[in-house]
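Please keep the structure in view while reading.

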Amino acid sequence: MATGPVSPRAPQALDGEGQGRQPTAAGQAHARLKAMILDNLLPPGAQLLEGELALRLGLSRTPVREAMVRLEQEGLVAITPRHGMRVLPIAAADMREIYEVLTSLEPMAAELLARRPEPAAGLGRLEQACGAMEQALAAQDRPAWAEADEAFHLGLAELCGNRRLAGMVMQVWEQSHRARLFTLHQRPLPARSTAEHRRVLEAIADGDPERAHALYRRHRRRSGAELISLIERSGVAWL
């Protein structure tokens, strides 16, 4: 189930290609198929043959087959001989685990930012994301809001100064991307979430690590519970 023709950008997948090198055909196939799955252009339950995917991507079957194997290893699809691949459902149990991880890691990123010697410096990226969320909320533009929300969360991870923490957050964040898009138009307008982001940013800028951590943790627990409840009510896990 796609959310519409315009959707937030999926976090860029890592294709195992070295920087400065042209991606292989298999790498291209993997990146394109993964983006289509994460953006729900290939929705949960979709069944696609290897030849069909090769034609759709304009590639031969071999790189598509390799890409399918990688997607299966990442838990996004199941491969059945002679039947191609099936996009796996979005399970509430999986999302519960993902949000437990995010609830542990992201508040620490906010705390680390607030503990810097000059906590108010270098926050332009987060300020811009908050402003974009507020503008999108006023315009009732849900896809634009979701894109700004993603920019805030990924920006926070990248700015926190701990590369390992940032890497773990981004990996788990990617796994939750399609669930957030799936529920984007089922949720109320995100006025509460927008205000919560602004308060977290203010706590960071004020150099108050305890408040930044507590506010972010509260936000993540509330938003995670809301998303999981929507998935459970939608029945998408049984597609």
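## Strand pairing

Strand β2 (residues 77–80) pairs with strand β3 (residues 84–87) in the antiparallel sense over 4 bridges, where pairing requires that DSSP finds at least two bridges between two strands. Strands here are DSSP runs of E with at least two residues, while helices are runs of H or I with at least four, and both are numbered from the N terminus. T80 stands opposite G84 in β3, and in the hairpin, which has 3 residues between the strands, R82 takes a positive phi near 70°.

## Basis of the model

The model is predicted, so local features need pLDDT of at least 70 and side-chain atom pairs count only at pLDDT 80 or more, whereas totals for chains, interfaces and linings use all residues. Residues are numbered from 1 along each chain as its sequence is written, and side-chain values use heavy atoms, with hydrogens and water left out.

## Nonpolar cores

A nonpolar core is a set of buried Ala, Val, Leu, Ile, Met, Phe, Trp, Tyr and Cys residues joined through side-chain atoms within 4.5 Å, and buried means under 20% relative accessible area with a 1.4 Å probe, protein chains only. The largest such core has 44 residues, and those with the most contacts inside it are M95, F152, L156 and I204. The elements that give two or more residues to this core are α4 (92–114), α5 (124–139), α6 (142–159), α7 (163–182), α8 (191–205) and α9 (209–234), with α4 giving the most, 10 residues.

Not counting residues up to four places away in sequence, F152 touches L126, A129, C130, M133, H197, V200, L201 and Y216, a contact being heavy atoms within 4.5 Å.

## Cavity and pocket

On a 1 Å grid over the protein atoms alone, a cavity is a set of points where a 1.4 Å probe fits but cannot get out, and a pocket is an open set with protein on both sides within 12 Å along at least five of seven lines; lining residues have an atom within 4 Å of a point. The count comes to 1 cavity of 30 Å³ or more. The largest cavity holds about 40 Å³ of space and is lined by R142, W145, L184, R187, P188 and P190.

The second largest pocket holds about 330 Å³ of space. Of its 26 lining residues, the closest to its centre are W145, R187, S193, S223 and E226, and the largest share of the lining, 6 residues, comes from α9.

How values were computed: Grid points are joined across faces, edges and corners, and a volume is the space filled by probe spheres set on the points. Buried means under 20% relative accessible area, exposed over 50%, partly exposed in between (1.4 Å probe, protein chains only).
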